[in-house]
Amino acid sequence: KYYFNCFNRVPRDPRVFLVSLLKSNPLVSSKSLISIGSQKFKNETYNKKEIPFNREVIKKEEDLNNVNQFINTEFDKVKENGLVVDYKDMNRINTHKVNLDVYKNCFIDIIAETVTNPNCMFFTEKTFRSISIKQPFFLLGGKHSLKYLKTLGYKTFDKWWDESYDSYDNIYDRTYQAYITIKQISLLDKKSLYLMISEMQEVLDYNFNHFFYGDRHKKALW
């Protein structure tokens with residue numbers, strides 16, 4: 001039913017930036033399931049003035065206009081109430097669970113990782129959840145996160161879309177460049193997506209088997 005899912009619990013600044021981009025585009029938003037916690041969930045506040053909703057990062061005029069409209073009309077409401085997909089209690093930690101009914105309704109997972117520092121590589125359950133349920137993904141973590149995943153033996157999706165966003169220094173630049181590709185995918189019809197996911201099956205199966213049956217844990221131990 002949906003092209004994308006983007007699930008976020010803690011509203012970190014880069015996630016707020018990502019969600020604002022996704023929600024500001026009517027086509028992308030209508031084809032997405034998006035969640036994010038509210039300011040009330042977090043003990044600290046986030047301020048839209050500290051997030052680069054500007055021409056320096058958002059290069060295209062249409063995107064900038066859409067984001068500005070979202071900020072003027074919807075931002076404060078999202079900041080106060082968050083966006084809910086499957087459960088309202090954001091204080092409840094469900095990182096050990098996968099809501100398969102929700103994920104089965106979506107094609108691509110847009111992952112906003114916890115750590116986005118360019119000098120740190122840190123993967124959480126967000127990344128490996130997609131691998132474990134055979135879902136293709138965009139990964140917005142530290143610089144070269146996709147490149148590092150490949151050194152761990154995984155495969156990514158550069159055969160089907162542009163993954164150059166992974167090489168940008170700044171998380172906001174990485175996010176915006178990924179968003180450009182996300183917009184392009186949102187223009188495809190469902191037949192094209194069906195053909196794409198059929199082609200991807202070998203990669204999805206490979207990553208699944210590498211995660212569950214590979215020897216990476218043995219290498220880590222020894």
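**Exercise 1.** For this predicted model, determine how the lining of the second largest cavity divides by residue class, and identify the residues and elements involved.

*Solution.* 
1. By class, this lining has seven nonpolar, one polar and one charged residues.
2. The residues that line the second largest cavity are V16, V19, S20, I36, Y46, F70, F75, V78 and K79.
3. Two or more of these lining residues come from each of α1 (13–24) and α4 (75–81).
4. The volume of the second largest cavity is about 50 Å³.

**Exercise 2.** State how many cavities of 30 Å³ or more a search of the whole structure finds, and give the volume of the largest cavity.

*Solution.* 
1. The search, covering the whole structure, returns two cavities at the cut-off of 30 Å³ or more.
2. The largest cavity has a volume of about 60 Å³.

**Exercise 3.** Describe the lining of the largest cavity by residue, element and class.

*Solution.* 
1. The largest cavity is lined by F7, N8, Y103, D109, I110, I111, A112, K126 and R129.
2. β3 (106–112) and α6 (125–132) are the elements giving two or more residues to this lining.
3. With four residues, β3 gives the most to the lining of the largest cavity.
4. By class, the lining of the largest cavity holds five nonpolar, one polar and three charged residues.
5. Asp, Lys and Arg count as charged, so D109, K126 and R129 form the charged group.

Technical notes. Residues numbered from 1 in each chain as written. Predicted model: local features only at pLDDT ≥ 70, side-chain atom pairs only at ≥ 80, totals over all residues. Heavy atoms only, no water. 1 Å grid on protein atoms, 1.4 Å probe; cavity = no way out; pocket = protein on both sides within 12 Å on 5 of 7 lines; lining within 4 Å. Points joined across faces, edges and corners; volume = space filled by probe spheres on them.
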